[in-house]
Amino acid sequence: MRLMHVMAGAKEGGAENIMLESVLALAEMDGVEQRVVTRPDNRHRIEEFEKAGITVDTASFDNLWRLPTDQVLKRAIKDFQPDLIEYWMGRAGTYAPRAYKRRQIGWYGGYYKLQRFTNCDWHVGLTKDLCRHIREQGVPQDRIGLIHTTADFENTAPVDRAALQTPEDAPVMLALARLHWKKGLDVLLEALADLPGHYAWIAGEGPLEMDLKEQAEKLGVADRAKFLGWRNDRGALLAACDVVAFPSRYEPFGTVTVDAWAAKRPLVAADAVGPAAYVKDGENGLLVPKDDVDAFREAIRRVAEEDGLAEKLVAGGTETYEATFTKAAFQRDSMAFYEKILSELK
């Protein structure tokens, strides 16, 4: 099976990580050949593809001057002769050539408009609710696949806490998030102010970096709130933290939930639509109301202090992960969907 993947996303981000790990998981399967067309500005992602033996073509995906990207894509398709082409997120979907519509797939990591995937006959939703969203835009159910993301941090060594100016015995909450209002990191900092001795690692970049750092100064937690920037070692951060903090106000899914479960770390999440669909409060995580600083703080405190709670949440998270989000489950569901498409093309 020859699969081409087209990604026009940001330099870094959650959906970009999903695409990277999905393609690498498929690369482990016998009989699968892949090629990627993406932007040139993420050397880490390109290097990972190339290490896996995957050819990468780069294009600007500049909507004001589309011709160069159209030409790169046309040449790559002609050279590779893919059986299927998957377009990861809406911008990539707008470049899908009409001539290959029957073998093209649009991937939804958010509530994208169907018009972005006009030339895709097939559609993949990351969650049950995203599949509903696709269906309600008029796509027949038999043209939609539900394929969950995956994560795998087995045997990942923890990051050195001393390198992050964090005491070995301090309770650490980890937030993996873009520094954007949607992510609710201001709530995390407010909660941290009344959690003496706790530290927060915030791994991500974004437009609110200065605002959040100023907030940390005003709250008196600048020495305990560590802004780490974008990290490609989230497995090592997860292995070294005590709880995963996920205070997002808006989240179609939130791969942080899967990261926490895969890394066997207790999860505290706000009830945005994505986490609320998968996190069972008190079983595989603690689910609190969005924008509720008191509830978020209390949940973090409970994980640190309540006997047996962290272990219970980890056990529930591991059960959820193994049932739905393992690499094997992703490979199985992806291949089943791809083979379904190919069977209709015969």
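Modeller: Leaving out neighbours within four places in sequence, V6 is in contact (heavy atoms within 4.5 Å) with V37, F61, L73, I85, E86, Y87, W88 and A92. This is a predicted model: local features need pLDDT of at least 70 and side-chain atom pairs count only at pLDDT 80 or more, while totals for chains, interfaces and linings use all residues. Residues are numbered from 1 along each chain as its sequence is written, and side-chain values use heavy atoms, leaving out hydrogens and water.

Biologist: OK, and which residues touch the most other members of the largest nonpolar core?

Modeller: M4, V6, Y87, W107, W201 and L237, out of 88 residues in that core. A nonpolar core here is a set of buried Ala, Val, Leu, Ile, Met, Phe, Trp, Tyr and Cys residues joined through side-chain atoms within 4.5 Å. Buried means under 20% relative accessible area, exposed over 50%, and partly exposed in between (1.4 Å probe, protein chains only). There is also a second, separate core of 30 residues, with A175, L185, L189 and F296 included.

Biologist: What do the buried residues of α6 pack against?

Modeller: They pack against β8 (172-176), β9 (199-203), α7 (209-219), β10 (225-229), β11 (243-246) and α11 (293-305). In α6 itself, residues 185-193, the buried ones are L185, V187, L188, L189, A191 and L192. Helices (H or I, at least four residues) and strands (E, at least two) are DSSP runs, numbered from the N terminus.

Biologist: Switching topic: how many disulfides does the search find?

Modeller: Zero, in the whole structure. A disulfide would be a pair of cysteine sulfur atoms within 2.5 Å.

Biologist: Where's R35?

Modeller: In strand β2, residues 33-38. R35 is buried too, with a relative accessible area of 10%. Beyond four places in sequence, its contacts include L3, M4, H5, D57, A76 and D79. R35 and A76 are 41 residues apart in sequence, yet 8.3 Å apart in space, C-alpha to C-alpha.

Biologist: Last one: is W65 buried or exposed?

Modeller: Exposed, at 58% relative accessible area. W65 lies in the loop between β3 (55-58) and α3 (67-80).
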